[in-house]
Amino acid sequence: MSHDSRTAPRICPLCEATCGLTLTIEGTTVTGARGDRDDIFSRGFICPKGASFGGLDADPDRLRLPLVRGEDGELREAAWGEAFDLIAARIPDLVKAHGPRSVGVVLGNPNVHTMAGFLYPPLLLGALRTRNVFTASTLDQMPKHVSSGLLFGDAHAIPVPDLDRTGHLLLIGANPLESNGSLCTAPDFPGRLKALRRRGGTLTVIDPRRTRTARLADRHVAIRPGADALLLAAVAHTLIDEKLADPGPLAEHLDGLDELAAALADFTPDAVAAACDVDADTITAIARELAAAPTAAVYGRIGSCTVEHGTLASWLVDVLNILTGNLDRPGGALFPLSATARAPRAAAPGTRNAAPGKGFALGRWSSRVSGHPEAKGELPIAALAEEIDTPGEGRIRALVVIAANPVLSAPDGDRLDAALADGLDFMVSVDPYLNETSRRADVVLPPPPPSQSAHFDFAFNNFAVHNQVRYTRAAVPLEDGRMDESEIHARLILAVSMHGAPPSAVDDLAVDTALTRAGAPKELAAGLTGESGPERRLDLLLRLGPYGLTLQQLLAHPHGIDLGPLKPRLPEVLRTRSGRVELLPEPIAADLPRLRRALGDRPAPLVLVGRRHLRSNNSWMHNVGSLTGGSNVCTLQIHPDDAARLGLADGDTARIESSGGGIEAPAEITDTVRSGVVSLPHGWGHSRPGTRMSVAAADPGANVNQLLDGTLLDPLSGTAVLNAIPVSVTPAHQKLP
């Protein structure tokens with residue numbers, strides 16, 4: 001390190017693990033990143049994404065100034081004032097002429113990785129008064145939110161496995177050695193799994209691919225894709241039928257245990273074995289091992305969410321934790337308590353149950369065209385194109401897209417791309433890149449690189465496997481000509497709501513609203529500290545939170561504050577109308593016949609599943625040169641037996657076709673994927689003209705989501721079915737009959 005170098009701590013914003021980094025900085029340039037050994041949560045762990053922080057931060061393709069579309073139809077650089085003036089001139093007039101539903105809002109995955117992306121979109125939605133809200137959740141985790149809402153009354157009350165204390169971990173549809181974990185914030189997930197094995201614990205992995213995680217397991221079950229809910233139902237049935245179910249102290253907080261037994265009566269191991277392609281003895285063994293373990297946790301993720309029965313599978317994960325008495329106990333699955341969470345509620349007077357809450361409801365409104373019910377205030381992003389290109393009253397005419405690239409990440413990108421190009425009157429993108437979606441915008445507002453932004457994990461601390469809190473200020477000053485991401489959001493809110501107030505007014509309003517909702521004295525606002533509106537809002541949320549912390553305490557501990565291991569939190573987390581865990585909610589019970597019908601389904605000869613790469617995160621990290629190559633490639637993985645039957649050799653170009661269309665990708669012949677299954681990674685397809693992502697465009701890959709027409713959804717959550725999709729595969733030179 002040279003004499004003018006310095007270091008600065010920074011929480012990594014590139015995946016859900018939230019590892020602590022130590023950045024090396026020369027002047028205002030990040031020249032290196034290593035794991036922060038003093039970080040109280042990650043203890044020096046780092047993955048290739050974190051190590052590439054400097055390369056992503058300095059990417060020359062990142063936009064510096066806003067872009068606006070001129071009269072010639074081309075995007076050009078503009079001053080910030082011009083960009084916001086154009087938004088203020090267009091969107092309010094559209095709302096006035098056509099109503100709030102004429103505007104749609106799309107929120108992408110990176111929003112939960114930034115302070116601004118968490119703090120401001122709710123205010124934007126309030127200003128627009130639109131119900132046309134679409135997020136990446138209906139491509140990923142919405143089934144878990146819905147099942148948690150139905151079970152516990154709160155869609156954000158998601159229990160996580162107590163990785164550091166459990167004795168038996170069952171993973172289904174999850175590959176944390178590649179993904180670093182999801183809805184389970186755990187730096188060094190690989191190390192935690194190895195520690196489980198060292199202390200004599202057991203790891204079971206259910207996955208149609210022999211992933212890196214599966215290779216670490218004591219038992220790997222290569223299930224037929226899409227059959228997750230059937231297998232989990234059979235495990236639950238076995239626990240009940242063999243009298244192995246023992247909720248323990250949970251029993252006094254449960255409703256519906258007897259009804260659950262009747263509802264699952266048909267899902268015996270023998271009945272589901274053929275549909276799962278897992279023999280009945282293995283299913284029975286899984287159930288008995290769970291019941292016998294001193295502590296155990298079941299954890300499911302995207303592979304079990306993005307299927308036809310994703311909400312049922314997510315519900316059954318927690319049913320198994322409940323039946324084995326492992327929900328809400330150390331070593332099982334517990335509810336984290338973040339430093340900015342709502343203060344815990346007391347039990348109902350005279351009982352040990354929570355006071356009745358508002359509960360969780362589905363379908364409070366529906367989409368205009370296909371009538372998809374909302375879930376957690378959102379509509380399926382797979383329905384976005386039809387909401388734009390289908391004529392009629394209530395059609396989306398303006399779109400605000402924040403850190404999202406649905407042309408790549410949602411089904412049938414071709415249709416959505418055409419809708420964005422021809423069906424909108426106006427579009428705004430908040431995005432650092434001109435990508436496959438933002439290239440269609442009339443205004444592009446680029447946030448600064450992460451080194452120039454402060455960081456606090458509002459979202460991921462709610463899913464952390466250990467209670468802790470960390471905050472890092474910007475590592476380098478904001479570059480001349482750039483605008484802080486929070487100010488971009490605040491000015492966007494003001495532009496669409498026709499207010500001429502300064503950006504600080506948005507934060508002042510947010511503080512006042514938070515105090516009112518908490519029943520706290522308004523005088524508290526005067527004592528808040530911080531150099532910016534977001535810091536004042538963070539200080540307030542910390543003070544109102546369960547630990548009574550302050551921003552100054554976080555600043556005094558740059559490597560974080562340890563708040564202790566996860567603890568039991570029932571009944572305080574419950575928000576159901578009954579004040580109890582509602583084990584068999586009506587929407588779940590009503591969907592079980594659909595699962596029962598799946599027992600007789602004939603499997604397709606070949607189905608498609610996705611896969612994760614350690615060196616990428618969806619579509620937004622393919623422009624970092626240091627993360628390209630190696631295993632991070634867009635290939636069609638196919639079993640040797642299937643390849644021989646289809647006449648494919650390793651490296652041949654394969655043609656893959658399904659309901660939404662066809663794509664081509666190089667074949668990678670490997671026995672790590674089971675026969676009857678092919679695998680393509682998500683987030684590729686960087687070949688559309690008009691983008692400015694040179695590294696990604698040089699190796700564009702194929703967009704797997706173009707195989708989908710967007711009509712197949714999990715009905716309870718509106719989540720697109722991305723896995724277990726029937727496909728046909730041929731050599732690219734051979735035409736299908």
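How far apart are the axes of helix α20 and helix α21, and at what angle do they cross? They come within 9 Å and cross at roughly 10°. Keep in mind as you read on that this is a predicted model. Below is a quick tour of some helix pairs, strands and single residues.

**Helices α20 and α21**

- Helix α20 covers residues 504–518, while helix α21 covers residues 533–544.
- With a crossing angle of roughly 10°, α20 counts as roughly parallel to α21, because angles under 35 degrees fall in that class.
- On the α20 side, the contact is made by D507, D508, A510, V511, A514, L515 and A518. On the α21 side, you'll find G533, P534, R536, R537, L540 and L544.
- Sorted by class, the contact of α20 with α21 has 8 nonpolar, 1 polar and 4 charged residues.

**Helices α6 and α15**

- Here's another packed pair: helix α6 (residues 142–152) and helix α15 (residues 310–323) have axes 8 Å apart and an angle of about 55° between them.
- These two helices are therefore oblique to each other, and their crossing is right-handed.
- From α6, the residues that meet α15 are P143, K144, V146, S147, S148, L151 and F152. Their counterparts in α15 are G310, T311, S314, W315, V317 and D318.
- The contact of α6 with α15 divides into 6 nonpolar, 5 polar and 2 charged residues.

**The seven-stranded sheet**

- An open sheet of 7 strands with mixed pairing runs in the order β30-β23-β27-β24-β26-β25-β31.
- Its edge strands are β30 (725–726) and β31 (728–731), and each of them pairs on one side only.
- Strand β25 (residues 653–658) pairs with β31 in the antiparallel sense, over 4 bridges.
- Look for A654 in this part of the model: A654 stands opposite P731 in β31.

**Strand β10 and its partners**

- Strand β10 (residues 202–206) has 4 of its 5 residues buried, so β10 is largely enclosed by the rest of the structure.
- Strand β9 (residues 168–172) runs parallel to β10, and 5 bridges join the two.
- β10 also pairs with strand β11 (residues 219–221), again in the parallel sense, this time over 3 bridges.
- T204 is a handy residue to look up here: T204 is the bridge partner of L170, and T204 also stands opposite R219 in β11.

- G676 sits in the loop between β26 (661–669) and β27 (677–679). Its relative accessible area is 17%, so G676 is buried, the cut-off being under 20%.
- What does G676 touch, leaving aside its neighbours within four places in sequence? G676 is in contact with P605, L606, V607 and D642.
- For a sense of scale, G676 and A251 are 425 residues apart along the chain, and their C-alpha atoms are separated by 42 Å.
- L416 lies in helix α18 (residues 413–422) and counts as buried at 3% relative accessibility.
- Not counting residues up to four places away in sequence, L416 touches L384, A385, I388, P406 and V407.
- L416 and D389 are 27 residues apart along the chain, with their C-alpha atoms separated by 8.6 Å.

**Backbone details in loops**

- Is K243 buried or exposed? K243 is exposed, with a relative accessible area of 72%.
- You'll find K243 in the loop between α10 (228–241) and β12 (254–255). K243 has a positive phi of about 55° although it is not a glycine.
- A724 is also a residue other than glycine with a positive phi, near 65°. A724 belongs to the loop between β29 (719–720) and β30, and at 18% relative accessibility A724 counts as buried.
- Between which residues does a cis peptide bond occur? The bond joins L570 and P571, with omega at about 10°.
- P571 itself lies in the loop between β21 (561–564) and β22 (581–582).

Notes. Residues are numbered from 1 along each chain as its sequence is written. This is a predicted model: local features need pLDDT of at least 70, side-chain atom pairs count only at pLDDT 80 or more; totals for chains, interfaces and linings use all residues. Side-chain values use heavy atoms; hydrogens and water are left out. Axes are lines fitted to C-alpha atoms, for helices over the stretch in contact, and angles run from 0 to 180 degrees between N-to-C directions. Angles under 35 degrees count as roughly parallel, over 145 as roughly antiparallel, 65 to 115 as roughly perpendicular and the rest as oblique. Contact means heavy atoms within 4.5 Å. Ala, Val, Leu, Ile, Met, Phe, Trp, Tyr, Cys and Pro count as nonpolar, Asp, Glu, Lys and Arg as charged, and the others, Gly among them, as polar. Two strands pair if DSSP finds at least two bridges between them. Buried means under 20% relative accessible area, exposed over 50%, partly exposed in between (1.4 Å probe, protein chains only). A crossing is left-handed if the near helix is turned anticlockwise from the far one by less than a right angle, and right-handed if clockwise.
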